[in-house]
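The following exercises are to be worked through with the sequence and the structure at hand. Each task is followed by a stepwise solution.

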2 protein chains.
Amino acid sequence: MKYVVLLGDGMADYPTEKLGGKTPLQCAFTPYLDQIAVEGTLGLVDTIPQGMNPGSDVATLSVLGYNPAENYTGRGPLEAASMGINLGPNDVAYRCNLVTIGQKDTVDAFMEDFTAGHISSQEAKEIISDINNALSSDKYQFYPGVGYRHLMIWRNASFLPHTTPPHDITGKKIAEYLPQGDGAADVNDLMKIAAGVLFNHPVNIARERAGEKKANSIWLWGQGKRPQIVPLTQKYELQGGMISAVDLLKGIGSLAGLKVLSVEGATGYIDTNYEGKAKMALEALKFMDFVFLHLEAPDEMGHEGNAEGKIKAIEFFDEKIVGPILNNIGAFGDYRIIVLSDHPTPLDVKTHVSDPSPFAVLSSLKEENRAAGLDFNEENAKKTGILISPGHLLMEKFIQDWKSFVSG
Amino acid sequence: MKYVVLLGDGMADYPTEKLGGKTPLQCAFTPYLDQIAVEGTLGLVDTIPQGMNPGSDVATLSVLGYNPAENYTGRGPLEAASMGINLGPNDVAYRCNLVTIGQKDTVDAFMEDFTAGHISSQEAKEIISDINNALSSDKYQFYPGVGYRHLMIWRNASFLPHTTPPHDITGKKIAEYLPQGDGAADVNDLMKIAAGVLFNHPVNIARERAGEKKANSIWLWGQGKRPQIVPLTQKYELQGGMISAVDLLKGIGSLAGLKVLSVEGATGYIDTNYEGKAKMALEALKFMDFVFLHLEAPDEMGHEGNAEGKIKAIEFFDEKIVGPILNNIGAFGDYRIIVLSDHPTPLDVKTHVSDPSPFAVLSSLKEENRAAGLDFNEENAKKTGILISPGHLLMEKFIQDWKSFVSG
């Protein structure tokens with residue numbers, strides 16, 4: 001049995017006036033998504049546990065069958081996984097932002113910009129490298145990432161101080177939001193010493209001359225140990241791959257035991273290499289039982305509030321990914337294929353919300369399909385009365401119990 | 001890091017007068033095997049624990065890193081795995097031969113032919129199907145295999161009676177070799193009832209008319225539970241595949257968590273599809289960390305005592321498998337490649353022997369190679385003074401500790 005997960009990130013939406021009271025999924029022409037819903041089993045899945053932030057990290061854990069309420073240990077360790085940084089059982093990964101602090105070194109110091117003026121990866125790499133030279137030891141190491149987003153690993157850390165995400169305190173005085181609790185002094189010291197390295201750093205001098213914001217501080221947050229999850233591959237005794245342009249997805253995928261399969265021209269945007277992703281999935285199925293294909297584009301269009309773009313992204317997903325895979329998967333024998341959104345990114349909200357998302361599963365075995373005849377969209381999914389909540393239960397049903405779920 | 005195992009079954013040999021006192025490996029032109037030995041690390045590996053039969057089952061367990069002395073539970077469960085039959089923790093798989101008993105139903109009944117005159121798979125399938133109809137229940141099931149070799153599964157068996165391999169008692173009276181101990185009565189009953197089914201079976205009537213030996217009995221032996229081995233894939237957190245024409249290898253491979261990769265035209269003989277196997281290995285490396293490629297041909301030539309054929313099989317292995325893989329593996333990044341024989345099948349003995357076999361490992365990392373400059377053959381392997389015994393330790397070194405082993 002082959003298992004294929006095709007995830008259109010943030011595809012789900014609310015009915016919007018921009019589209020005459022319809023959702024992008026209702027407006028888009030999606031014959032293949034519809035075929036899966038009509039002939040298969042449609043429903044809703046509740047990926048965001050109550051009280052948790054509807055981030056891609058939480059949603060992806062759910063979709064892969066891990067309860068975020070139990071397994072989410074912070075953004076740091078997931079990003080570490082995505083960067084191929086191995087964490088020992090007592091190592092703690094911190095997100096390390098390059099930020100701009102206003103009124104720095106005064107009592108009024110505030111979080112002016114949590115992106116340090118969207119500093120480039122190249123500039124940041126120089127800075128993080130110098131910070132690492134100044135601070136790295138057996139205990140601490142800094143790793144450059146993308147743009148303003150980097151990592152600090154505290155090896156064999158005894159403490160997990162409380163920290164605050166910098167994007168939550170834009171414009172606020174930082175004094176109240178500095179790390180607190182056991183170990184906070186160490187983290188604060190790192191931030192202070194790093195600020196020294198940044199003070200007259202050539203990159204900052206150049207940025208100042210160019211009228212750009214200086215990266216005059218680092219901000220450590222999102223810390224956690226490696227989640228203790230049992231790899232999917234082990235849980236279900238299968239081999240599998242993850243196809244995504246997004247580091248976070250690659251990281252969670254590799255924690256789940258999936259092999260990260262790189263596709264040239266996968267951008268994470270609407271100009272991505274759809275055909276290449278579908279081709280890679282079909283090639284992988286020759287060697288693997290399980291393939292997870294993630295498409296970021298609909299989410300990006302949602303963040304932009306771009307109705308036309310979101311419809312287009314969904315139609316590309318349908319035509320260039322879902323269609324080719326659906327038309328060719330039969331060659332590998334029996335299969336189950338699931339299409340879903342991980343969370344809505346409504347055009348009118350421009351960010352993630354916690355509502356359930358539609359999913360549809362089509363099995364090559366007739367008796368594993370409800371075949372209720374409803375197209376793939378939010379309204380129809382709700383009509384079915386099927387709501388999988390908490391959403392992390394979906395994956396186990398999908399792989400192990402789909403027949404009994406459908407007939408139950 | 002990619003890991004590739006290229007196994008030439010039974011390649012190793014004794015010096016033979018047929019070849020002027022040399023071995024086939026010494027006579028064959030093998031530039032690629034030699035390159036691996038010269039630039040890499042050559043040695044001997046002792047795959048057959050003392051007191052165990054040098055069968056392919058035992059040798060393959062060793063090569064894959066499992067101690068046969070602890071993990072070998074019989075031929076039945078390994079063949080069940082190769083046939084895709086799932087065994088629960090208390091299920092016992094028996095090899096079920098179709099045999100010809102001479103002087104049947106007399107006190108002098110003896111094992112005339114443990115292959116029932118090399119009965120064909122098609123004839124056997126009819127017979128096993130009828131035996132299964134007569135005897136199958138929740139407790140017992142019969143599965144047709146190849147030629148005279150079939151399987152019986154006893155679900156939730158409380159007993160493991162002692163049995164005797166039929167090929168060990170050719171010409172001997174069977175009375176002394178019938179199953180013994182707790183549960184023996186059940187197994188004997190199955191054999192008796194099956195003999196009834198066979199008595200006037202149309203296949204036997206036709207065989208008798210054609211002057212062929214009748215399959216007038218089944219013989220149950222080689223029983224065991226599924227070996228409790230930790231899949232390689234789990235032990236080393238990698239994904240891997242098995243390329244072989246031989247069911248037993250496929251079975252052990254899948255117990256080890258490897259995905260069985262089928263190659264069209266793979267025959268298990270000297271006419272096999274060498275190029276197809278090499279191509280499959282290279283394709284698989286795109287998706288997998290570990291590939292095990294097994295070539296049966298040299299062993300078959302050894303069994304035939306065919307010196308020219310064995311040299312040819314080794315040269316094909318070198319030219320069409322080792323060469324193409326060695327020349328293309330660099331594209332996947334760092335790698336370790338091992339070439340080896342699982343056991344000698346000497347031309348003068350025509351069957352397996354327990355002596356150690358040569359192996360050679362080449363790593364893409366210079367510091368992981370001894371580079372002693374010796375060609376790949378038995379004599380040179382012995383000269384190195386490297387003998388890995390027990391042989392199941394080789395795989396762990398190969399995957400986890402090659403650098404320290406080489407420098408140690």
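A:Cys96 has a relative accessible area of 0% and is therefore buried (buried: under 20% relative accessible area; exposed: over 50%; partly exposed: in between; 1.4 Å probe, protein chains only). The model is predicted, so local features need pLDDT of at least 70 and side-chain atom pairs pLDDT 80 or more, while totals for chains, interfaces and linings use all residues. Residues are numbered from 1 along each chain as its sequence is written, chains are lettered from A in the order in which they are written, and side-chain values use heavy atoms, without hydrogens and water.

**Exercise 1.** Classify B:Cys27 by its relative accessible area, and state how many disulfides the structure holds.

Step 1. B:Cys27 has a value of 33%, so this residue is partly exposed.

**Exercise 2.** Locate B:Glu79 and describe its surroundings.

Step 1. B:Glu79 lies in helix α5 of chain B, residues 75-82 (helices are DSSP runs of H or I with at least four residues, numbered from the N terminus).
Step 2. Its relative accessibility is 14%, so B:Glu79 counts as buried.
Step 3. Beyond neighbours within four places in sequence, B:Glu79 is in contact (heavy atoms within 4.5 Å) with B:Arg95, B:Leu151 and B:Leu248.

**Exercise 3.** Determine how chain B is related to chain A.

Step 1. Chain B is superposed on chain A by a rotation of 180° with 0.0 Å of shift along the axis, at RMSD 0.1 Å (least squares on C-alpha atoms of residues with pLDDT of at least 70 in both copies).
Step 2. The two copies are therefore related as by a two-fold rotation axis.

Note on methods
Helices (H or I, at least four residues) and strands (E, at least two) are DSSP runs, numbered from the N terminus.
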